[in-house]
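Have the model open as you read.

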Amino acid sequence: MRRAFGLLFVGVAISVGSASILSEIAFEHQDPIYYYGIIWLGSFAITFGAVFGKFRHILPSVRGRMKNSVKWSSPVKAINGLCWAAPFAMIGVFPHFYQYLILLGIGLGNASTYVFMKKFSGLANHEQIIVGAISLVAIPVAVFIDTSFVSNQTVAVIVSRLMIAAAYGTGGIYALAAKK
């Protein structure tokens, strides 16, 4: 199960990292806006299609781990859902802070899922807390970079996206390297 999530997290890291770089190239070339959708969807499709061709074999493990949260009480599910969704919903209210809100959503979502999995399902998914912690620590780092060194919003956004890729990559590598 840990290996399955390790592969999933590494896949997310590769997809986000490559799509971030390709999006920046498309932006610099002033390509049409629909290219961004193609780039992001294509990055995930190619990564999970090519690198994880055996993904269908690990899918039952991923599904099994996710089923643990189905057994949680409604208030716990609601808190976990809010940790994931509220920062993303706030993007509509504060669109200029979306790169920080995405980091917050990923950080709070993964951290709360880790805490609830450990408390209510008896599972210690350390790769998940690693992703959450790195994402949360990345917020002040991104703000510092954005306000100190960069006056260009585009650079701040790509830095935040690369931090997300690094968080998922680190968590995925940990999961793949862990003995248990």
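Leaving aside residues up to four places away in sequence, Ile-164 touches Val-16, Ile-102, Leu-103 and Ile-106. Keep in mind as you look that this is a predicted model. Ile-164 sits in helix H7, and its relative accessibility is 6%, so it counts as buried, the cut-off being under 20%.

Now step across to Leu-103, one of the partners of Ile-164. Leu-103 has its own set of neighbours: with residues up to four places away in sequence not counted, it touches Ser-135, Ala-138, Ile-139, Ala-142, Ser-160, Met-163 and Ile-164.

Both residues belong to the largest nonpolar core, which has 18 residues; Phe-9, Leu-103, Val-131, Ile-164 and Tyr-168 are those with the most contacts inside it. Helices H1 (2-28), H5, H6 (126-148) and H7 (153-177) are the elements that give two or more residues to this core. The most comes from H1, with 6 residues.

Helix H5 (residues 98-121) also meets helix H4 (residues 74-89): their axes come within 6 Å and cross at roughly 165°. An angle over 145 degrees counts as roughly antiparallel, so that is how H4 runs relative to H5. The crossing of the two helices is left-handed. On the H4 side, the contact includes Val-76, Ile-79, Trp-84 and Phe-88, while residues of H5 such as Leu-101, Ile-102, Gly-105 and Phe-116 take part. The residues of this contact divide into 13 nonpolar, 6 polar and no charged.

Note on methods
Residues are numbered from 1 along each chain as its sequence is written. This is a predicted model: local features need pLDDT of at least 70, side-chain atom pairs count only at pLDDT 80 or more; totals for chains, interfaces and linings use all residues. Side-chain values use heavy atoms; hydrogens and water are left out. Axes are lines fitted to C-alpha atoms, for helices over the stretch in contact, and angles run from 0 to 180 degrees between N-to-C directions. Helices (H or I, at least four residues) and strands (E, at least two) are DSSP runs, numbered from the N terminus. Angles under 35 degrees count as roughly parallel, over 145 as roughly antiparallel, 65 to 115 as roughly perpendicular and the rest as oblique. A crossing is left-handed if the near helix is turned anticlockwise from the far one by less than a right angle, and right-handed if clockwise. Contact means heavy atoms within 4.5 Å. Ala, Val, Leu, Ile, Met, Phe, Trp, Tyr, Cys and Pro count as nonpolar, Asp, Glu, Lys and Arg as charged, and the others, Gly among them, as polar. A nonpolar core is a set of buried Ala, Val, Leu, Ile, Met, Phe, Trp, Tyr and Cys residues joined through side-chain atoms within 4.5 Å. Buried means under 20% relative accessible area, exposed over 50%, partly exposed in between (1.4 Å probe, protein chains only).
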